[in-house]
Amino acid sequence: MSFDLPRDFRWGVATSAYQIEGAVDEDGRTPSIWDTFCRVPGAIDNGEDGDVACDHYHRMPEDVGLIKSLGVDTYRFSVAWPRVQPGGRGPANPAGLAFYDRLVDELLSAGITPWLTLYHWDLPQELEDAGGWPHRDTAYRFADYAEIVYERLGDRVEHWTTLNEAWCSAWLGYVEGVHAPGRREFADGISAIHHLLLGHGLATQRLRAAAEAADRPIDLAITHILGNAIPASDLPVDVEATRRGDALHFRMYMDPIFKGAYPADLLEDLDAVGVAIPVEDGDLEIISAPLDTLGVNYYRSMKTTGFAADGATTDAAGRPVTRTIDLGGLPKTYIDWEVMPDDFANLLVRIGHEYSGIPLVITENGAAYDDVPDADGFVDDEDRTKYIEDHLEAVVQARRRGADIRGYFAWSLMDNFEWAYGYDKRFGIVRTDYETQARTPKRSALWLRDTIARARRPLGDD
Ligand code: FCB
């Protein structure tokens, strides 16, 4: 199958540090909030952790060879903050930086463009002990860390993403408590969001200035996880809950960056429950520092309802209910997420309309399925292949409808540590055998390789 995509469309695979590297106490790395959270009984399925993961820290050159064999042009990875600046403040750790230095060189010599994410959730534990993201100082620590990494890699890396999915860091980590650091306090979550965005803005400003001073090109981005807000019904309670949910989970992350202000309706909603965003003078100018690209991660869409399961419209604290539920009647992946590529297209078109002018790259998309390897470790993952195919078609449709989408990165290069789900939920297009650490491309990887080759073929060469 071939897709109506331009020949310079960017094709990539994505990973993140804690999910693949292992080597958690080597070469001066200190614990992150995920190392700590993994020790909390019951926090992670099967009590698993990222201590070894895919052992990528020791197998990096082979993994770059694997990436090259897939024919992608870009590799999206993240840098582990506690590796390069143990404790989250103070001087850089040369041994930690050296790993990413080697990775970048290895990628470049394989002809693969590095797409670097500075923060994919592994906050140094010491910064959490000092207050974590709800604490304003963490934003400034992040900007210092960003500069340290840029100083070492900025001569070879052009594509810089500040944060991966601030929503997960703040909401899952500080409100729902299902991700590290496992705190459950709504007001802390709101402060965390603001300080994540502030850290993003500070880092953006500093990296832009450093690139300008060195006269280098730079592509600065943030990656958000985004989904549509779809009312469960046209009852006013559901429509109003959808507006609230959209303000809190979507526009709160987008408007300050691209419009320089938090949404007015969000501020009213928060005020009604006695919570304020800790904005100081000048913060919004920093947060809205110009960006070059928006990374979009997409897995599923959900409906929003204003009714609790028992039919109530307020919770125990008297706050209005805002609850997401399945769309219903749709196929699901092994992680129980509904599959709805049409909604992916609608989402991309919406972003293009409401935040026009910022080019989009799909920095993550993919699916977990219950893979069954054959005797050689090969997985004939027709389901995952179809998922990727349908979502790529959604990208094509969204482009036709006006969305400016420049690239697509599959999540993930290989099966890895899927956070609170541990190792059972496999998102890789390459199988990881955790006993032998053998990597075996699945059908989806071979399909993607062939699809990319076709997309790059000169016109008229069909
Ligand atoms: C995203 C994360 C990524 C991975 C996928 C399945 O939210 O960014 O690390 O866990 O989900």
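Modeller: Here are some helices, their contacts and a few backbone details, taken in turn. This is a predicted model, where local features need pLDDT of at least 70, side-chain atom pairs count only at pLDDT 80 or more, and totals for chains, interfaces and linings use all residues. Residues are numbered from 1 along each chain as its sequence is written, and side-chain values use heavy atoms, with hydrogens and water left out.

Biologist: Start with helix 5. How many residues does helix 5 have?

Modeller: Helix 5 covers residues 94-109, which is 16 residues. Its first and last C-alpha atoms are 22 Å apart, close to the 22 Å expected at 1.5 Å a residue; the expected span is 1.5 Å times one less than the number of residues. Helices here are DSSP runs of H or I with at least four residues, strands are runs of E with at least two, and both are numbered from the N terminus.

Biologist: Which residues of helix 5 are buried?

Modeller: G96, L97, A98, F99, Y100, D101, L103, V104 and L107. Buried means under 20% relative accessible area, exposed over 50%, and partly exposed in between, with a 1.4 Å probe and protein chains only.

Biologist: And what covers the buried residues of helix 5?

Modeller: The cover includes helix 1, helix 3, strand 2, helix 4, strand 3 and helix 7. Contact means heavy atoms within 4.5 Å.

Biologist: How do helix 3 and helix 5 run relative to each other, roughly parallel or roughly antiparallel?

Modeller: Their axes come within 9 Å and cross at roughly 10°, so the two helices are roughly parallel. Axes are lines fitted to C-alpha atoms, for helices over the stretch in contact, and angles run from 0 to 180 degrees between N-to-C directions. Under 35 degrees counts as roughly parallel, over 145 as roughly antiparallel, 65 to 115 as roughly perpendicular, and the rest as oblique.

Biologist: Which residues of helix 3 and helix 5 meet?

Modeller: From helix 3, H56, Y57, M60, P61 and V64; from helix 5, A95, F99, R102, L103, E106 and L107. That contact has 8 nonpolar, 1 polar and 2 charged residues. Ala, Val, Leu, Ile, Met, Phe, Trp, Tyr, Cys and Pro count as nonpolar, Asp, Glu, Lys and Arg as charged, and the others, Gly among them, as polar.

Biologist: Now helix 10 and helix 13. What is their angle?

Modeller: About 50°, with the axes 12 Å apart. That makes helix 10 oblique to helix 13. In helix 10, D246, F250, R251 and M254 meet L347, R350 and I351 of helix 13. By class, the residues of this contact are 4 nonpolar, no polar and 3 charged.

Biologist: What else do the buried residues of helix 13 pack against?

Modeller: Besides helix 10, they pack against strand 6, strand 7, strand 10, helix 14 and strand 11. The buried set includes D343 and R350.

Biologist: Change of topic. Where are the cis peptide bonds?

Modeller: One runs from A180 to P181, with omega near 5°, and P181 sits in the loop between helix 8 and helix 9. Another joins W411 and S412, with omega about 5°; S412 is in the loop between strand 11 and strand 12.

Biologist: What about W419, buried or exposed?

Modeller: W419 counts as buried because its relative accessibility is 3%. W419 lies in the loop between strand 11 and strand 12 and has a positive phi of about 50°, although it is not a glycine.

Biologist: And what is phi of D336?

Modeller: Near 80°, also positive in a residue other than glycine. D336 is partly exposed, at 46% relative accessibility, in the loop between strand 9 and helix 13.
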